[in-house]
Amino acid sequence: MSWLIACLVGGFIPVALALAHVHFSVSEISHNKADALFQTVESVVSNTSLKTAEKQAKLIDIIAKADPSDTTFFVYDTSGKMIFHPTHPEFNGRVLTSHANPIVAGAFRHLVKSANASQEAVVSYHWQSGVSGKIESKVAYIRRIDNWNWVFAASVVEEEMPVWQMWLVLSLLFCSIVAAWVIYCKRKAK
């Protein structure tokens with residue numbers, strides 16, 4: 001019986017690693033973009049030749065020029081007020097934790113709570129796509145700048161595993177179970 005358990009566990013490990021790799025490769029790209037933004041933010045914030053208002057204007061300009069096709073950068077404060085959002089200018093200057101749309105309000109309550117709990121965080125939330133209208137899972141990498149009470153965010157749609165990868169993983173799992181059963185039956189027959 002221990003051989004069966006060992007083989008089953010041995011079969012699940014490659015499957016778990018395959019699943020982790022698929023999710024990691026998607027989130028790694030997004031995380032790298034967030035890190036690049038955060039390095040720029042830190043560089044501008046630490047620039048002693050600029051006044052605070054100049055630093056803030058410069059950072060908003062950088063975010064405004066960023067390509068939002070796969071990663072959306074935005075800035076909000078620790079009370080939930082949107083400082084700047086490049087694809088939703090109607091949000092700018094508004095407190096979104098009490099927005100009329102419950103999806104927006106819920107997402108921002110969660111983002112604000114996370115920013116107030118930790119200077120850096122990875123936050124999962126739901127958002128209604130402006131293109132398709134569908135509710136989608138998103139992940140935001142956030143970093144709070146304490147002396148401003150601003151939070152910089154890099155947000156991406158959380159990718160679902162493509163169908164062919166899911167079939168590959170399920171096939172690996174099935175083959176592992178069959179192999180474990182064959183080994184178990186051969187051992188039992190001896």
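In this predicted model, a single aromatic cluster is formed by F74, Y76, F91, F108, Y125 and W127. Counted by the ring-pairing rule applied here, the aromatic pairs come to 8. One of them joins Y76 and F108 in an edge-to-face arrangement, with 5.7 Å from centre to centre and 85° between the planes. This pair links distant parts of the chain, since Y76 belongs to strand β1 and F108 to helix α3, and the two residues are 32 residues apart. Both Y76 and F108 are buried.

F108 also forms an aromatic pair with W127, again described as edge-to-face, for which the centres are 6.1 Å apart and the planes stand at 70°. Because F108 lies in helix α3 whereas W127 lies in strand β3, this pair ties together parts that are 19 residues apart in sequence. W127, like F108, is buried.

At least two lining residues are supplied by each of β1 (72-77), α3 (102-117), β3 (120-128), β4 (135-145) and β5 (150-157), and the largest share, 3 residues, comes from β5. When the lining of the largest pocket is divided by class, 9 residues are nonpolar, 8 are polar and 3 are charged.

Methods. Residues are numbered from 1 along each chain as its sequence is written. This is a predicted model: local features need pLDDT of at least 70, side-chain atom pairs count only at pLDDT 80 or more; totals for chains, interfaces and linings use all residues. Side-chain values use heavy atoms; hydrogens and water are left out. Helices (H or I, at least four residues) and strands (E, at least two) are DSSP runs, numbered from the N terminus. Ala, Val, Leu, Ile, Met, Phe, Trp, Tyr, Cys and Pro count as nonpolar, Asp, Glu, Lys and Arg as charged, and the others, Gly among them, as polar. Rings of Phe, Tyr and Trp (its six-membered ring) pair if their centres lie within 6.5 Å; planes under 30 degrees apart count as stacked, over 60 as edge-to-face and the rest as tilted. Buried means under 20% relative accessible area, exposed over 50%, partly exposed in between (1.4 Å probe, protein chains only).
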